[in-house]
Amino acid sequence: MEFLFLTFLAKPLWLWLLFLAIVIALMVFDLGVLHKDDHELGVAESLKLSAFYIGIAILFGGYIWWAWSNGTLVTSDGTNPVAAYFQGYIIEKVLSIDNVFVISLIFGYFAIPRKYQYRALVWGIIGVIILRGIMIAIGAELIAAYDWVTLVFAAFLAFTGFKMLVVPDSDPDLSQNPVVRFISTHMNVTKRLHGQRFFVRQPNPVTGKLMLYATPLFVALIVINFADLVFAVDSVPAIFLITTDTFIVYTANIMAILGLRALYFALAALVHRFHYLKYALAVVLIFIGLKGFYSYFFGKFDPYLSLAITVGIIVAGIVYSLWKTRGDDDGHGTAVKAAE
């Protein structure tokens, strides 16, 4: 059992295995117990399940506080892990709202019924766990080797935030999506769904020989995972400017994504009510980018002040969005139509 105490990315191996065990247990419980039979997830059930995942994330944050307070958890860069974890979690959660809109468009494009969407999203978490892990490991190695990379991240985030403020939104054209085009060209894909199955065997229309075909549900799953990878380009640098400790970066990301899958069905119905939250998020990204420059040249920014500013900006954006869109039920919910 000594191997459990070996160090991996500045943390004992048992700590990483404990977190992955929690994630796997949640997925098994979700798919095997809560959603053993495919059914359409309503807004009320979505909110309850999301509250459950938020509770798990808060409890995990409580464990981080406990381990930090008794000295068993020390960050590799000396930052406060509690403030860093919750700030990263909140930013990832809010960044996910734009992701929800894109996911709903993908499901609409492939005509995926709502009763199959949740299972596809949960299976997609496996891909996210691997892809985010790879991105975070690469980012950590770059920062460890070249500390000026944080300045690149800071400049990128500040530019991204500014672009979000001035560039209008546009719907992606999925018919021209390179992933869709690649799969359509290099794989056999059925024209209709086959329940919750990702692959089926059926006769080739020319030779009559049984061949393996991917279903539209599998293609949608792959496109969603690549879309998440694109969104990670913003979220991963953002949290690296909060802390460079890979364990805090990874756990905050994954905890937020676990909850996103549950919250998707409620957000898909209400995403048009959060239109102005985009601008609050843009200000947060600019703030974190500027804070990255400050920390590099002048020293650490107070972690709890940073967390308070982030929460304050996001709460203001949510309140203003809900106030400006009150009574707005006149068809802005493109995501609702796409998801149904």
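A: Begin with a sorting rule: Ala, Val, Leu, Ile, Met, Phe, Trp, Tyr, Cys and Pro count as nonpolar, Asp, Glu, Lys and Arg as charged, and the others, Gly among them, as polar. Keep in mind that this is a predicted model. With that rule, the lining of the second largest cavity divides into six nonpolar residues, one polar and no charged.

Q: Which residues line the second largest cavity?

A: A cavity is a space where a probe fits but cannot get out. Here the lining consists of Pro12, Trp14, Leu15, Tyr63, Ala67, Thr72 and Leu73. Helix H1 (13-34) and helix H2 (43-69) each supply at least two residues of that lining. The volume of the second largest cavity is about 40 Å³, and the structure holds three cavities of 30 Å³ or more.

Q: How do I read a pocket, and what is the volume of the second largest pocket?

A: A pocket, unlike a cavity, is an open set of points. The second largest pocket holds about 410 Å³ of space. It is lined by 24 residues, and those closest to its centre are Thr79, Leu241, Ile242, Ser295 and Lys300. The lining divides into nine nonpolar, eleven polar and four charged residues.

Q: Which helices supply at least two residues each of the lining of the second largest pocket?

A: They are helix H3 (81-109), helix H9 (277-298) and helix H10 (303-324). H9 gives the largest share, four residues.

Q: How do I judge the length of a helix such as H9?

A: Compare its reach with the span expected at 1.5 Å a residue. H9 has 22 residues and reaches 31 Å from first C-alpha to last, close to the expected 32 Å. Just after H9, Gly299 has a positive phi of about 115°. The buried residues of H9 include Leu277, Lys278, Phe287 and Lys291.

Q: How many residues does helix H5 have, and what do its buried residues pack against?

A: Helix H5 (residues 149-166) has 18 residues, and its reach of 26 Å is close to the 26 Å expected. Among its buried residues are Val149, Phe153, Leu157 and Met164. The buried residues of H5 pack against H4, helix H7 (216-240) and H9.

Q: Is Gln87 buried or exposed?

A: Buried means under 20% relative accessible area. Gln87 has a relative accessible area of 2%, so it counts as buried. Gln87 lies in helix H3, and a polar contact of 2.8 Å joins its side chain to that of Ser306. Leaving out residues up to four places away in sequence, Gln87 touches Ile242, Phe287, Pro303, Ser306, Leu307 and Thr310.

Q: Why does Ala111 count as exposed?

A: Exposed means over 50%. Ala111 counts as exposed because its relative accessibility is 54%. Ala111 is found in the loop between H3 and helix H4 (114-145). It has a positive phi of about 55°, although it is not a glycine.

Q: Where does Tyr276 lie, and which residues is it in contact with?

A: Tyr276 lies in the loop between helix H8 (246-270) and H9. At 26% relative accessibility, Tyr276 counts as partly exposed. Apart from neighbours within four places in sequence, Tyr276 is in contact with Gly317, Tyr320, Ser321, Lys324 and Thr325. Tyr276 and Lys324 are 48 residues apart along the chain, and their C-alpha atoms are separated by 8.3 Å.

Key. Residues numbered from 1 in each chain as written. Predicted model: local features only at pLDDT ≥ 70, side-chain atom pairs only at ≥ 80, totals over all residues. Heavy atoms only, no water. 1 Å grid on protein atoms, 1.4 Å probe; cavity = no way out; pocket = protein on both sides within 12 Å on 5 of 7 lines; lining within 4 Å. Points joined across faces, edges and corners; volume = space filled by probe spheres on them. Buried < 20%, exposed > 50% of the residue type's maximum accessible area, 1.4 Å probe, protein only. Polar contact = N/O pair within 3.5 Å; in protein donor to acceptor, adjacent residues only side chain to side chain. Contact = heavy atoms within 4.5 Å.
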